[in-house]
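Please keep the sequence and the 3D view open as you go.

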Amino acid sequence: MADWNNEAEARARIKEMVADYYRDFVRCDKTFEEGDRIPYARRVFDESEMCALTDAALDFWLTSGRFTAQFEKEFADYLGVKHAHLVNSGSSANLLAFMTLTSPLLGERRIRRGDEVITVACAFPTTVAPILQYGAVPVFVDVTIPQYNIDITMLEKAYSEKTKAVMIAHTLGNPFDIRAVKEFCDRHGLWLIEDNCDALGSRYTIDDRTAFTGTWGDIGTSSFYPPHHMTMGEGGCVYTNDSLLSKIALSMRDWGRDCVCPSGHDNVCKHRFNGDFGLLPHGYDHKYVYSHLGYNLKATDLQASIGCVQLKKLPAFTARRQQNWAQLREILESYEDILILPEAAEGSSPSWFGFLITLREESGKSRNKVTGYLEEHGIQTRLLFSGNIILHPCFDTIRETDCYRVVGDLTNTDFIMNNSFWVGVYPGMTPEAIAYIGKTIIEAVTG
């Protein structure tokens, strides 16, 4: 016989056993010893996440539900925005954010096929993919070093009568020049999509206002993939202060439907069978009326339950990332004759995703040899994503066509592609691990 008398007791006992299992067999707060492999990032969790996941599993509500609603509210409150919609990945968040701006409900401001969107080629592919997939035209401009964000001096040169939006990311947690980009967008009546997938927790100040990145533009996105600032395994979010954009995003996330009933609920509006929609017969079931051509991009309660716990830890995660980044920069600053070290954007407090290093051209050092040395010594490295997305095979069928434009020379973009790499600063790293990374980088570039 089980040693419980009701469901509440059963749940409590099961979660106690899960917590014991974590402490005995899983715990991930192990100390670093030289010889241990240091990944660029990984999930940081404890028994709290495993117990929350167990709670959701016992519900066996396999789509979005109570944990999703809880996370969306708490995440919106944390960021200081009105609306947040959980999705199944950061890439889906970028897709949904862009597609939201193509809705006919936006009238003349909607993005149409052939309209232009200013972005950068030194980017993760899913910042650019939604633009091309819809049939809009990405307009690529260069980035700066050592901030590795959009070169704001190119914005006016990239602008045309077809420009409708700017869609760019905050690179590795370092905010782009939000003041300048937002002023440019406001001046020309453009949408601003902030890809915040690598910068959750970063802050930016304009005059006397400080706010999280992702909340300055019209719509922001986050990713909860394991390496990111907090995790659900898979997952992402779209957020905005604009009620109309929120309504459109929710519709497009949920198959494109007009109905706003949450999963498992019917007729919340009490007008399910008495409306008139398009050319449909009067009283057509509102549950199956579609105002957009959308998708099913929802996450599950299993994911959201983890996110509810991770969100509480995000401030501590952010602080640890900043400490690790500062420690590594202090170790390496004596070698700036060989290395270009990253610098935070003016007016920002970044929640660093990684520590980005560029080898100076005059150093004569080979990026591949340096990263090879680090990998051989147990330190995982990454390049700055695509380097130059235009040079990848995915552009083979459209290269040198009118599907995209390049404004100016992508000199820094190409330099980064050939000479830059980054290492992790995730919150699971100890000071000893950071010290080992710094020591090994110095060996790699001086040996």
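Predicted model: local features only at pLDDT ≥ 70, side-chain atom pairs only at ≥ 80, totals over all residues.

Residues are numbered from 1 along each chain as its sequence is written, and side-chain values use heavy atoms, with hydrogens and water left out.

**The loop between H8 and H9**

- Asp 254 lies in the loop between helix H8 (243-253) and helix H9 (301-332); helices are DSSP runs of H or I with at least four residues, numbered from the N terminus.
- With 6% relative accessibility, Asp 254 is buried (under 20% relative accessible area; exposed is over 50% and partly exposed in between, with a 1.4 Å probe and protein chains only).
- Leaving aside residues up to four places away in sequence, Asp 254 touches Tyr 295 and Lys 298, where contact means heavy atoms within 4.5 Å.
- Leu 280 also sits in the loop between H8 and H9, and Leu 280 is partly exposed at 34% relative accessible area.

**Cysteines**

- Searching the whole structure turns up 0 disulfides, a disulfide being a pair of cysteine sulfur atoms within 2.5 Å.
- For the sulfur of Cys 197, the closest cysteine sulfur is in Cys 237, 10 Å away and so too far for a bond.
- Cys 197 is buried at 10% relative accessibility, and Cys 237 is buried with a relative accessible area of 0%.

Methods: Helix = DSSP H or I, 4+ residues; strand = E, 2+ residues; numbered from the N terminus.
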